[in-house]
Amino acid sequence: MSGQNEYKPAMGRRIQKARKAARMTQMKFAEKIDVSTQYVSNLERGIVGCSVATLLKICDVLEVSSDFLLMGQKADSPNFPTLAEEFSDLSPKEQKLMEEVFALLKKAFSLKHTEPKKDV
């Protein structure tokens, strides 16, 4: 079996990427998950891991899934990290606009799946 600590550097990079996409400093992020800034730095560099409780706080604050942080992808969407990377360069206003666009798309898709089929 591979070493227990091999996941830490990759998970740390994903946490850092998600934090930056959320336009949050290490200090602000540390405050939100109730840890020190040094701990966040060590976590992002893969020096330390985190407890399940801390992982859940991280997911909540960064609005990402544990699947993404642990495995690098959302369980049902292998392209999720790519989308996060694409949106990380957008301004907060542009990110909000993209959220609205996706909400409309989601609504349109759900309507498409609930419409009764027409007889031909």
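This is a predicted model: local features need pLDDT of at least 70, side-chain atom pairs count only at pLDDT 80 or more; totals for chains, interfaces and linings use all residues.
Biologist: How are H2 and H4 placed to each other?
Modeller: H2 and H4 are oblique to each other.

Biologist: At what angle do H2 and H4 pack, and how far apart are their axes?
Modeller: H2, residues 26–33, and helix H4, residues 52–62, pack at an angle of about 120°, and their axes are 9 Å apart. An angle over 145 degrees would count as roughly antiparallel and one of 65 to 115 as roughly perpendicular; the rest, once angles under 35 are set aside as roughly parallel, count as oblique. That is why H2 and H4 are called oblique.

Biologist: Left-handed or right-handed crossing for H2 and H4?
Modeller: The crossing in which H2 passes H4 is right-handed.

Biologist: Which residues meet there, from H2 and from H4?
Modeller: H2 brings Phe29, Lys32 and Ile33, and H4 brings Thr54, Lys57, Ile58, Val61 and Leu62. Sorted by class, the contact of H2 with H4 has five nonpolar residues, one polar and two charged.

Biologist: Staying with H2, which of its residues are buried?
Modeller: Phe29, Ala30 and Ile33 are the buried residues of H2. They lie on the same side of H2 because they cover an arc of only 100° around the axis.

Biologist: And what do the buried residues of H2 pack against?
Modeller: Against H1, H3 and H4.

Biologist: Which residues are exposed on the other side of H2?
Modeller: Met27 and Glu31 are exposed there.

Biologist: Why does Met27 count as exposed?
Modeller: The relative accessibility of Met27 is 53%, and exposed means over 50%. Met27 is part of H2. Its C-alpha lies 8.9 Å from the C-alpha of Gln38, which is eleven residues away in sequence.

Biologist: New topic. What follows H2?
Modeller: Asp34 comes after H2, and its phi is positive, near 60°. Asp34 has that positive phi although it is not a glycine. The residue sits in the loop between H2 and H3.

Biologist: Is Asp34 buried or exposed?
Modeller: Asp34 is exposed, with 63% relative accessible area.

Biologist: What follows H4?
Modeller: Glu63 does, and its phi is positive, near 55°.

Biologist: Back into the helix, then. Which residues of H4 are buried?
Modeller: Thr54, Leu55, Ile58, Cys59 and Leu62 are the buried residues of H4. They share one side of H4, because the arc they cover around the axis is only 140°. Val52, Leu56 and Asp60 are exposed on the other side of H4.

Biologist: What do the buried residues of H4 pack against?
Modeller: Four helices: H1 (7–21), H2, H3 (37–44) and H5 (66–71).

Biologist: Take H1 and H4. How do their axes cross?
Modeller: The axes of H1 and H4 come within 10 Å and cross at roughly 30°. H1 is therefore roughly parallel to H4, since angles under 35 degrees count that way. The crossing of H1 past H4 is left-handed.

Biologist: Which residues of H1 and H4 make the contact?
Modeller: H1 supplies Met11, Ile15, Ala18 and Arg19, while H4 supplies Leu55, Ile58 and Leu62. By class, that contact of H1 with H4 has six nonpolar residues, no polar ones and one charged.

Biologist: Last bit, the whole chain. How many helices and strands does the protein chain have?
Modeller: Seven helices and zero strands. From the N terminus on, the order is α-α-α-α-α-α-α.

Biologist: What percentage of the residues of the protein chain count as buried?
Modeller: 28% of the 120 residues count as buried.

Biologist: And of the contacts between residues at least 6 apart in sequence, what share join residues at least 24 apart?
Modeller: In the protein chain, 51% of those contacts do.

Notes. Residues are numbered from 1 along each chain as its sequence is written. Side-chain values use heavy atoms; hydrogens and water are left out. Helices (H or I, at least four residues) and strands (E, at least two) are DSSP runs, numbered from the N terminus. Buried means under 20% relative accessible area, exposed over 50%, partly exposed in between (1.4 Å probe, protein chains only). Axes are lines fitted to C-alpha atoms, for helices over the stretch in contact, and angles run from 0 to 180 degrees between N-to-C directions. A crossing is left-handed if the near helix is turned anticlockwise from the far one by less than a right angle, and right-handed if clockwise. Contact means heavy atoms within 4.5 Å. Ala, Val, Leu, Ile, Met, Phe, Trp, Tyr, Cys and Pro count as nonpolar, Asp, Glu, Lys and Arg as charged, and the others, Gly among them, as polar. The arc is that of the directions from the helix axis to the C-beta atoms.
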